[in-house]
Amino acid sequence: MTRLATCDRRRHGKLAGHGPSKTSSEGLGCISIADLKTATLAVAFADLAGFTALTEVHGDADAASVAARFYELSEASLRGEMRIVKLIGDAVMLSGPAVNDAADTVLSLAAAVELEPSYPSMRAGLHHGSVVVRDGDLF
């Protein structure tokens, strides 16, 4: 039976169990799927609509300034125990234990974005349920 495991792709370039050797992940910096920590959390993603077009029209420096401001607004909009998990280009991943805090955070962020002059609109999605927690990231 193949032992399911996940590896750090930055170090190994592929997932264990996906390649010539499907029987061993020992010594590869891999962890068993059974060893992963799970939690019930609210997770939200928010990004700016049309960010790629904004970058093409106004250039990288202006786009980076818009993204930096979006991150500031995201941080200022956090409610309850919500936190920023990571920043990804023009997007932010947020999480916390309470779905109400997540919804309040997203609504607060949307309101803040609306107040920014000449700013792209925001899109967001929200999930509440079981997630895998690994090295400060969520899956």
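## Overall make-up

Of the 139 residues in the protein, 37% are buried, where buried means under 20% relative accessible area, exposed means over 50% and partly exposed is in between (1.4 Å probe, protein chains only). This is a predicted model, where local features need pLDDT of at least 70 and side-chain atom pairs count only at pLDDT 80 or more, while totals for chains, interfaces and linings use all residues. Residues are numbered from 1 along each chain as its sequence is written, and side-chain values use heavy atoms, with hydrogens and water left out.

There are four helices and seven strands, taken as DSSP runs (helices H or I, at least four residues; strands E, at least two) and numbered from the N terminus. Along the sequence they come in the pattern β-α-β-β-α-α-β-β-α-β-β. Take contacts (heavy atoms within 4.5 Å): of those with a separation of 6 or more, 61% are between residues 24 or more positions apart.

## The sheet

Strands of a sheet pair through backbone hydrogen bonds, either parallel or antiparallel. Here, five strands make an open sheet in the order 4-5-3-6-7, with antiparallel pairing; two strands count as paired if DSSP finds at least two bridges between them. Strand 4 (83-88) and strand 7 (137-138) are the edges, each with a single partner strand, so one side of each has no neighbour in the sheet.

Strand 4 and strand 5 run antiparallel and are joined by five bridges, with L87 opposite V92 of strand 5. Their hairpin has two residues between the strands, and G89 takes a positive phi near 60 degrees there.

## Helix 3

With 18 residues at 1.5 Å a residue, helix 3 should span 26 Å, and its end C-alpha atoms agree with that at 25 Å apart (the expected span is 1.5 Å times one less than the number of residues). Its buried residues are A63, V66, A67, F70, Y71, L73, S74 and S77. They cover an arc of only 165 degrees around the axis, which puts them on the same side of helix 3; the arc is that of the directions from the helix axis to the C-beta atoms.

What do the buried residues of helix 3 pack against? Their partners are strand 3, helix 2, strand 4, strand 5, helix 4 and strand 6. Helix 3 itself lies across strand 3, strand 4, strand 5 and strand 6, running at about 170 degrees to strand 4. For that angle, axes are lines fitted to C-alpha atoms (for helices, over the stretch in contact), and angles run from 0 to 180 degrees between N-to-C directions.

## Helix 4

Helix 4 (residues 99-115) has 17 residues and reaches 25 Å from its first C-alpha to its last, close to the expected 24 Å. A102, T105, V106, S108, L109, A112 and V113 are its buried residues. Their arc around the axis is only 165 degrees, which puts them on the same side of helix 4. The cover over these buried residues includes strand 3 (37-48), helix 3 (60-77), strand 5 (91-96) and strand 6 (122-134).

On the face turned away sit the exposed residues N100, L107, E114 and L115. N100 counts as exposed at 57% relative accessibility, and its C-alpha is 8.9 Å from that of G80, 20 residues apart along the chain.

## Nonpolar cores

In soluble globular proteins, nonpolar side chains tend to be buried together. A nonpolar core here is a set of buried Ala, Val, Leu, Ile, Met, Phe, Trp, Tyr and Cys residues joined through side-chain atoms within 4.5 Å. The largest has 22 residues, and F70, L109, V113 and M122 have the most contacts inside it. Strand 3, helix 2 (51-58), helix 3, strand 5 and helix 4 each supply at least two residues of this core, with the largest share, six residues, from helix 3.

Leaving aside neighbours within four places in sequence, M122 touches A46, D47, F70, V106, L109, A110 and V113. A second, separate core has six residues, among them L41, V43, V85 and M93.

## Two loop residues with positive phi

S118, in the loop between helix 4 and strand 6, has a positive phi near 55 degrees without being a glycine. S118 is exposed at 82% relative accessibility. D135, in the loop between strand 6 and strand 7, is not a glycine either and has a positive phi of about 50 degrees. D135 is exposed too, with a relative accessible area of 69%.
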